[in-house]
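Biologist: Could you take me through one part of this model closely, the place where the ligand sits? I'd like the cut-offs as you go.

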Amino acid sequence: MSSLPILRLGSVKEVARFKQHLASLALEIPCDTEIITGPESPLRRPIVREKLRIGNRIAVQPMEGWDGTTDGYPSESTFRRWQHFGRSGAKLIWGGEAVAVSHEGRANPNQLLAADHTTASLARLRAVLVAEHVKATGSEDGLVIGLQLTHSGRFSRPNAHDRNEPRILYRHPLLDRRLQLPPDYPILTDVDIARIVEDFHRASAIAWKLGFDFVDIKHCHGYLGHEFLSAHTREGNYGGSFENRTRFLREVVQGIRSIAPGLHIGVRLSAADTVPFTTDPQRATNGKAGPGVPADVSNLIPYRWGFGVNATTPTREDLAEPIRFLTVLEQLGVHLVNLTAGSPYYNPHIQRPALYPPSDGYQPPEDPLAGVARQMQMTRQLKQRFPNLIIVGSAYSYLQDFLPYVAQAAIREGWTDCVGIGRMVLSYPEFLWDASEGKPIQHKRICRTFSDCTTAPRNGLPSGCYPLDPYYKNSEAGERLLALKKG
Ligand SMILES: Cc1cc2nc3c(=O)[nH]c(=O)nc-3n(C[C@H](O)[C@H](O)[C@H](O)COP(=O)(O)O)c2cc1C
Ligand code: SF4
């Protein structure tokens, strides 16, 4: 990485200057110089595949808030967030947020649960989203809403924010140590897995009954679905060969087909990964974390604990297996694919490029624009290879003021089918809609990647955009976060 300080994008006013900056970093990111508005906007073009019609190219990424009740119901702030998802103008709502298929698989004690007792409240979440969407855009035509179904696997914390209760598929030489797991820590058995597959079926039946258009069988960010794909060292039916490592996906999909035949299926996939990163203690200054450095894996080559990583140089991605995985999805009739990378737990700069790290993170080891470019290039490559899949790209929020210019160019040039936005939806849900409508942009609402929406939950508080959304800024949780940050 260059030793020059990272240029704060908030200080860049002109698109031409932004493009110059990209060139100086030798990064290939498409960027238009003018925004096209109204029906001619590439962002407003519908997309149709099979029986699915999505009314425009804007997608809301799943964004959970750690703000449900301990028995899995949404709270007032969960409803508010789903209203914002609707207000965004996006016609593809990818999952809303991670919803656990069982209590033991929750990532935190406030994660939503897909269960009989929460059914009516999940229906209300969908309903408030649709109502707000109609208010903002005038119609629900082409609105496609999914529910992201998850089991948190290695990162399960169902009962207390500060107590890991991992459900692991194999021993990971680096992550087991981080989670302080003893060598005899139990591994999920094939019988346990059969029960989890049933949980996904049950949750999908609920989504189908409630009128969700699709379910996302989450395979990203280090959670259980993703861990299956790297279970090279596991024995039995779910480990070792590629066929075994994708068996969970096939079993879940086959069951859904028979239980909910009209329900579409999507998969959010961490298509590329790298090794776990830590903060460099040698370079920590004034109580500030040092830059991220990759774990030393020199004694772990060939590296057998990742998916989409190069086994001999695991800091590099390798898309050979992700390509096989997308081929399987196509064969299974899964047409909706959301591409992401890495994990928020062990390499957050890969997953959500940011200028400021969360409290348990590290300073960016690269210009965050490199992280944006990496995900965009990966998505472009896979899109070229799979023209018939509907592909959603991720990690655009760091682009800040230049998001509409890049998003428009990415769609126009076919790098992706839909532009998925995450953090920006927390601070400024209507940003891409406003831009493609020709409305003035509210610069003060643009996400500057302060990472408070991650720092808060890492410290047992609900997530939200504390710096920019008055709802959180002025809340009791806001005061507590401020106190925490002051140390
Ligand atoms: C507060 C927060 C909550 C998130 N929740 C989820 C989630 O429930 N499911 C998921 O797949 N990704 C989740 N993500 C990841 C985002 O969907 C997205 O991939 C990531 O933020 C990068 O996109 P962005 O640059 O637009 O923010 C979350 C991210 C943040 C910051
Ligand atoms: S807290 Fe707000 S500004 Fe910071 S990263 Fe999250 S959404 Fe963006």
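Modeller: The structure holds 6 cavities of 30 Å³ or more; a cavity is a set of points on a 1 Å grid over the protein atoms alone where a 1.4 Å probe fits but cannot get out, and a volume is the space filled by probe spheres set on the points. This is a predicted model, where local features need pLDDT of at least 70 and side-chain atom pairs count only at pLDDT 80 or more, while totals for linings use all residues. Residues are numbered from 1 along each chain as its sequence is written, and side-chain values use heavy atoms, without hydrogens and water.

The largest cavity has about 470 Å³ of space, and that is the space taken by ligand 1. Its lining counts 29 residues, with Pro62, Met63, His221, Gln351 and Arg352 nearest the centre; lining residues have an atom within 4 Å of a point. Helix 15 (452-458) is among the elements giving two or more residues to that lining, along with strand 14 (418-421) and helix 13 (423-427). Helix 15 gives the largest share, 3 residues.

Now for the ligand itself. Around ligand 1 there are 21 residues, and Gln148, Arg268, Ser397, Gly422 and Arg423 come nearest; being near takes a heavy atom within 4 Å. That shell splits into 8 nonpolar, 8 polar and 5 charged. As for polar contacts (N or O pairs within 3.5 Å), a polar side-chain atom of Gln148 is 2.8 Å from a ligand 1 nitrogen. The side chain of Lys218 has an N or O atom 3.4 Å from a nitrogen of ligand 1, and a backbone N or O of Tyr396 is 3.5 Å from a ligand 1 oxygen.

Note on methods:
Chains are lettered from A and ligands numbered from 1 in the order in which they are written. A polar contact is a pair of N or O atoms within 3.5 Å; within protein, one must be able to donate a hydrogen and the other to accept it, and residues adjacent in sequence count only if both atoms are side-chain atoms. On a 1 Å grid over the protein atoms alone, a cavity is a set of points where a 1.4 Å probe fits but cannot get out, and a pocket is an open set with protein on both sides within 12 Å along at least five of seven lines; lining residues have an atom within 4 Å of a point. A molecule sits in a cavity or pocket if more than half of its atoms lie within 2 Å of its grid points. Ala, Val, Leu, Ile, Met, Phe, Trp, Tyr, Cys and Pro count as nonpolar, Asp, Glu, Lys and Arg as charged, and the others, Gly among them, as polar. Helices (H or I, at least four residues) and strands (E, at least two) are DSSP runs, numbered from the N terminus.
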